[in-house]
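Dear colleague,

I am passing on a structure for you to look at, and my notes on it follow below. Please keep it open beside you while you read them.

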Amino acid sequence: MFRRRGKPMTDDHTKNGASTETDPKTIDAQTGEVQADLDVPETDTDNLEEDVDTAFPGMDENMFGQVQEMMARLQKADELEQENTDLKLKLSRLATDFEGYRTRTQQDVAAAQGQGISKAAEALMPVYDDIDRALSMVSDDPAKLVPGMQAVQGKVLGVFAGLGLEATGKVGEAFDPQWHEALQVVQGDEDDVIVQVYQLGFRMGDRLVRPARVVVSRKG
C-alpha cells in the first residue's frame with residue numbers, strides 16, 4: 001500500500017527550534033481546498049472473506065462461494081497430506097519395532113533349541129557310557145552282552161520318557177493307523193492286532209513323533 005505525504009520539509013520549517021513534524025495536507029485538484037491527508041492503514045489478515053474482497057472487489061456471491069469452496073478444498077488437501085505424512089512415520093516406526101521383535105524372537109528360538117539339544121545330549125551321555133562298558137565286556141564274556149544291551153535299552157526308554165515321549169507299537173497292542181504303520185498283514189486269531197514290531201514308535205501327547213512299523217494279524 002502506498003501513502004501520500006505532505007510536501008518535503010525545508011529549512012524554514014525547522015528554524016528557531018520549530019517542530020519537524022507537520023500535519024500532512026493535500027490540495028484538492030478541482031476545488032483547490034486544502035484537505036487533511038488520511039493514512040490508509042496497512043493490515044494483513046488471514047480472514048478469507050476480507051482477502052477475497054480486497055483482491056476481487058465487486059465479486060458476486062456465486063463466484064465468492066466457489067472461491068471459498070476451492071480454498072476449503074485446498075486446506076483439506078493440506079490436512080490430508082500432513083495426516084498421510086504422520087501415518088507414514090508411524091508405519092516406519094512400527095516396521096522398525098517389528099523387525100527388532102522378529103530378530104529377538106529368532107534369537108530366543110535358537111537359544112531354546114540349543115538349550116534343548118544340550119539337555120537331550122546330556123541325558124543320553126550315561127547311555128553312551130553303558131554301551132561303551134557293554135562292548136568292552138564282549139571280549140571277556142559275550143554272553144553278558146545281551147543283558148547289558150537290554151539294560152541300555154531300558155535306560156534309553158527312561159530318557160525318552162523324561163523328555164515326554166511315550167513308546168507305541170508293542171506286540172499284542174491293537175493296531176491304530178494314527179500311530180502305527182502296517183508293513184505286513186498275516187493270518188491270525190484276531191483282527192488288527194500287532195504280532196511283530198520292526199521299529200518302535202513314539203508319540204508326545206497327541207502328536208506323533210515316529211510311527212511304529214509293525215506286522216498286523218487278520219482272521220482267515
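β5 and strand β8 (residues 212-218) pair in the antiparallel sense over four bridges, where strands are DSSP runs (E, at least two residues) numbered from the N terminus, as are helices (H or I, at least four residues), and two strands pair if DSSP finds at least two bridges between them. In this pairing, Ile194 stands opposite Val216 in β8. The open sheet has three strands in the order β4-β8-β5, with mixed pairing, and its edge strands, each pairing on one side only, are β4 (180-187) and β5 (194-199).

Please bear in mind that this is a predicted model, in which local features need pLDDT of at least 70 and side-chain atom pairs count only at pLDDT 80 or more, while totals for chains, interfaces and linings use all residues. Residues are numbered from 1 along each chain as its sequence is written, and side-chain values use heavy atoms, with hydrogens and water left out.

How many salt bridges does a search of the whole structure find? The search finds three, a salt bridge being a side-chain nitrogen of Lys or Arg within 4 Å of a carboxyl oxygen of Asp or Glu. One of them joins Asp192 and Arg218 (3.3 Å, N to O); Asp192 lies in the loop between β4 and β5 and Arg218 in strand β8, so the pair ties together parts that are 26 residues apart in sequence. Another joins Asp130 and Lys155 (2.6 Å, N to O), and because Asp130 lies in helix α3 and Lys155 in helix α4 (residues 145-162), this pair ties together parts 25 residues apart in sequence.

Best wishes
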